[in-house]
Amino acid sequence: MIQILTTQDYRNMPWKNGQGSTLEVARSHGEGLDDFDWRVSIADVKTAGPFSHFMGRQRIIGVLEGDGLILHVDDNAPVALKSKSFFAFYGESDVHAELINGPIRDFNLIYNPEKYAARLQWVNSTSVNSWHSDANEILIFNNSHSLNMEINLENVYLNQSETLLIKGNEQVLNFSLEQNKESDFCIIELFIR
């Protein structure tokens with residue numbers, strides 16, 4: 001089932017640590033801050049601080065807007081994230097973030113690795129104009145002005161910041177983009193284990 005999620009469909013939810021809020025794009029099911037198998041969200045980070053813990057989950061975070069942030073994860077070396085770069089870590093890790101040069105907007109996938117395998121990639125249409133996927137759940141978040149694509153010959157149009165959501169997929173889907181138009185978007189694929 002193909003569904004287009006607009007910014008009006010996104011839900012504002014508090015961070016678990018109470019230090020901010022998240023714009024929840026989509027989730028597998030449930031209502032609370034722990035009752036899901038996967039969740040995609042966007043957050044505006046205005047100050048340095050700790051991340052919330054999500055026990056038994058895997059997290060992938062990237063910088064959507066702004067100059068970037070530095071993540072201190074457990075006792076590992078700091079990781080610098082710039083625009084459209086992503087980093088994966090365990091939800092129970094102790095994470096502290098520093099802003100490189102002012103506020104940023106981040107993009108997050110949190111999922112249960114016992115139930116799903118996940119693949120997240122940021123794509124620019126200058127390098128990719130078609131692909132296929134047999135993932136069970138597929139999300140495409142559009143960061144460009146507009147995104148025109150075909151999915152198995154069905155036309156789909158996304159405005160900026162809208163998300164294509166396909167849940168319960170059981171076939172190979174063929175995606176192709178409108179030619180000669182630059183697009184910037186994120187593809188998330190979730191495969192049931």
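I count a contact when heavy atoms lie within 4.5 Å. With that in hand I went to Ser41, which touches Thr22, Leu23, Glu24, Val25, Asp106, Phe107 and Asn108, leaving out residues up to four places away in sequence.

**Ground rules**

I am working on a predicted model, where local features need pLDDT of at least 70 and side-chain atom pairs count only at pLDDT 80 or more, while totals for chains, interfaces and linings use all residues. My numbering runs from 1 along each chain as its sequence is written, and side-chain values use heavy atoms, with hydrogens and water left out.

**Whole chain**

I looked up the secondary structure and got zero helices and 19 strands. Helices (H or I, at least four residues) and strands (E, at least two) are DSSP runs, numbered from the N terminus.

Next I checked the overall dimensions. The C-alpha atoms fill a box of roughly 45 × 35 × 30 Å along the principal axes. The radius of gyration is 16 Å, which agrees with the value near 16 Å for a compact globule of 193 residues. That radius is taken over C-alpha atoms, and the globule rule is 2.2 Å times the number of residues to the power 0.38.

I noted that 47% of the 193 residues count as buried. Buried is under 20% relative accessible area, exposed is over 50%, and partly exposed is in between (1.4 Å probe, protein chains only). The accessible surface comes to about 9,500 Å², and 47% of it belongs to carbon and sulfur atoms. Areas are from the Shrake-Rupley method with a 1.4 Å probe, and for residues only the protein chains shown count as cover.

For contacts between residues at least 6 apart in sequence, I found that 67% join residues at least 24 apart.

**Largest pocket**

What lies nearest the centre of the largest pocket? I get Trp15, Ser21, Thr22, Ala43 and Val45, out of 31 lining residues. The space inside is about 440 Å³.

For the record, the search runs on a 1 Å grid over the protein atoms alone; a pocket is an open set of points where a 1.4 Å probe fits, with protein on both sides within 12 Å along at least five of seven lines, and lining residues have an atom within 4 Å of a point. Points are joined across faces, edges and corners, and the volume is the space filled by probe spheres set on them.

Strands β2 (11-14), β3 (21-27), β4 (38-45), β5 (49-50) and β11 (104-111) each give at least two lining residues. The largest share, six residues, comes from β4. By type I have 13 nonpolar, 11 polar and seven charged. Here Ala, Val, Leu, Ile, Met, Phe, Trp, Tyr, Cys and Pro are nonpolar, Asp, Glu, Lys and Arg are charged, and the others, Gly among them, are polar.

**Serines**

Back to Ser41: I place this residue in strand β4. Ser41 counts as buried because its relative accessibility is 2%.

Ser183 sits in the loop between β18 (173-177) and β19 (184-192). Is Ser183 buried or exposed? It is buried, at 4% relative accessible area. Its partners beyond four places in sequence are Val123, Asn124, Ser125, Ser144, Ser146 and Leu147. I also logged Ser183 and Thr126, 57 residues apart in sequence and 7.7 Å apart C-alpha to C-alpha.

Ser130 belongs to strand β13 (residues 130-133) and is partly exposed at 44%. Not counting residues up to four places away, Ser130 touches Phe175 and Ser176. From Ser130 to Leu177 I read 47 residues in sequence and 6.2 Å between C-alpha atoms.

**Loops**

Leu153 lies in the loop between β15 (146-151) and β16 (154-159). I have Leu153 as exposed, since its relative accessibility is 74%.

His53 is partly exposed at 33%, and its contacts outside four places in sequence are Lys16, Gly91, Glu92, Ser93 and Asp94.
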